[in-house]
Amino acid sequence: MKSIVTLSTSGARLNRPANSRNLLETLEYHQVQIEYQCRSGYCGSCRLRLLKGEVCYQQQPLAFIQAGEILPCCCQPKGDIEIEL
Ligand code: FES
């Protein structure tokens, strides 16, 4: 699915590349650095705040996240989203 990821701080609008398997890969493709460790939904270190839109997970992640937070290493945007970054 085509989608645009907007970064709230810079206002940058990033296209999701066709081969991106998750939001973390989309950010990396655009040289946007975020913290991460496990890249598979366990540690929670990649968590970000989702400001607009929705994401979906292939598998429900094990890491604890609060309402409004997402784990970019294991989710994909459902359409356009905005994240706090
Ligand atoms: S990097 Fe560990 S949960 Fe995303």
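In these legends, a residue is called partly exposed when its relative accessible area falls between the buried class, under 20%, and the exposed class, over 50%. All views show a predicted model.

**View 1. Arg 39 in the loop between α1 and β3.** With a relative accessible area of 32%, Arg 39 is partly exposed. The residue is found in the loop that connects α1 and β3. Most residues other than glycine have a negative phi. Arg 39 also lies over the face of Tyr 36, at 4.7 Å from the ring centre. Aromatic pairs, by contrast, number zero in the structure.

**View 2. Gln 31 in the loop between α1 and β3.** Gln 31 lies in the loop between α1, residues 23-29, and β3. A positive phi of about 55° is found for Gln 31, although the residue is not a glycine. The relative accessible area of Gln 31 is 65%, so the residue is exposed.

View 3. Five strands form an open sheet of mixed pairing, in the order β2-β1-β5-β3-β4. The edges are taken by β2 (13-15) and β4 (69-70); each has a single partner strand, so one side of each is left without a neighbour in the sheet. Strands of a sheet pair through backbone hydrogen bonds, either parallel or antiparallel.

**View 4. The parallel pairing of β1 with β5.** Strand β1, residues 4-7, pairs with strand β5, residues 75-83, in the parallel sense. Three bridges join β1 and β5. Val 5 has Ile 81 of β5 as its bridge partner.

**View 5. The antiparallel pairings of β3.** Strand β3 comprises residues 48-57 and pairs with β4 in the antiparallel sense over two bridges. Here the bridge partner of Leu 48 is Ile 70, in β4. The pairing of β3 with β5 is likewise antiparallel, and six bridges connect these two strands. Tyr 57 has Cys 75 of β5 as its bridge partner.

View 6. Leaving aside residues up to four places away in sequence, Glu 69 touches Arg 47, Leu 48, Arg 49 and Tyr 57. Of these contacts, Leu 48 is also the bridge partner of Ile 70 in β4, while Tyr 57 is bridged to Cys 75 in β5.

**View 7. Cysteines without a disulfide.** The structure holds zero disulfides. A disulfide is a covalent bond between the sulfur atoms of two cysteines. For Cys 74, the closest cysteine sulfur is that of Cys 73, at 3.9 Å, which is too far for a bond; the cut-off applied is 2.5 Å. Cys 74 has a relative accessibility of 17% and therefore counts as buried. Cys 43, at 35% relative accessibility, counts as partly exposed.

Notes. Residues are numbered from 1 along each chain as its sequence is written. This is a predicted model: local features need pLDDT of at least 70, side-chain atom pairs count only at pLDDT 80 or more; totals for chains, interfaces and linings use all residues. Side-chain values use heavy atoms; hydrogens and water are left out. Two strands pair if DSSP finds at least two bridges between them. Helices (H or I, at least four residues) and strands (E, at least two) are DSSP runs, numbered from the N terminus. Buried means under 20% relative accessible area, exposed over 50%, partly exposed in between (1.4 Å probe, protein chains only). Contact means heavy atoms within 4.5 Å. Rings of Phe, Tyr and Trp (its six-membered ring) pair if their centres lie within 6.5 Å; planes under 30 degrees apart count as stacked, over 60 as edge-to-face and the rest as tilted. A charge sits over a ring if NZ of Lys or CZ of Arg is within 6 Å of the ring centre and within 35 degrees of the ring normal.
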